[in-house]
Amino acid sequence: MRGQNQQRVLKALINKACTPAIITRYSKLLSSVSGAFETNLEESQIRSFVQMQLSDMAKWDIQSAQLEVTPGESTNSYSMNGYNIYISNPDVSSLKQLQKNIKLMEDGEKIKISGNETEVVEKNR
């Protein structure tokens, strides 16, 4: 539930940030959040995204999905020496579905994720 709530917040932030009132002041926005997050995008790439958004003001299609896990056992770990921690085990079929979804999007397919189901809405041409 926590992950889903975080995804809702991120989606709302992206939708708000893409409005003309905000996006036209992106450099000021980036300066104000400097140090609050990390990205591997170059400033020129961010500028390119902003220009693309300003040119068509297209609505973003944001999909979210969760990796299903099974609870693990409490165990001592190397990284938390002296403390017992719980380590969850990823559900293999859930992981494979997420990998498939990522590949579809990388290939330019438009998909719709609903629970554990994925539908290709628009084929890459």
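Among contacts in the protein between residues at least 6 apart in sequence, 34% join residues at least 24 apart, a contact being defined as heavy atoms within 4.5 Å. The model is predicted, so local features need pLDDT of at least 70 and side-chain atom pairs count only at pLDDT 80 or more, whereas totals for chains, interfaces and linings use all residues. Residues are numbered from 1 along each chain as its sequence is written, and side-chain values use heavy atoms, with hydrogens and water left out.

The secondary structure comprises five helices and six strands, which follow one another along the sequence in the pattern α-α-α-α-β-β-β-β-α-β-β. Helices (H or I, at least four residues) and strands (E, at least two) are DSSP runs, numbered from the N terminus.

As to overall dimensions, the C-alpha trace spans about 50 × 40 × 25 Å along its principal axes. The protein has a radius of gyration of 19 Å, while a compact globule of 125 residues would have one near 14 Å; the radius is taken over C-alpha atoms, and the globule rule is 2.2 Å times the number of residues to the power 0.38.

Of the 125 residues, 12% count as buried, where buried means under 20% relative accessible area, exposed means over 50%, and partly exposed lies in between (1.4 Å probe, protein chains only). The accessible surface comes to about 10,400 Å², and 53% of this area belongs to carbon and sulfur atoms; accessible areas come from the Shrake-Rupley method with a 1.4 Å probe, and for residues only the protein chains shown count as cover.

| Residue | Relative accessibility | Class |
|---|---|---|
| Val-9 | 48% | partly exposed |
| Lys-103 | 44% | partly exposed |
| Asp-107 | 35% | partly exposed |

A search of the whole structure finds one salt bridge, that is, a side-chain nitrogen of Lys or Arg within 4 Å of a carboxyl oxygen of Asp or Glu. It joins Asp-107 to Lys-103, with the closest N and O atoms 3.0 Å apart.
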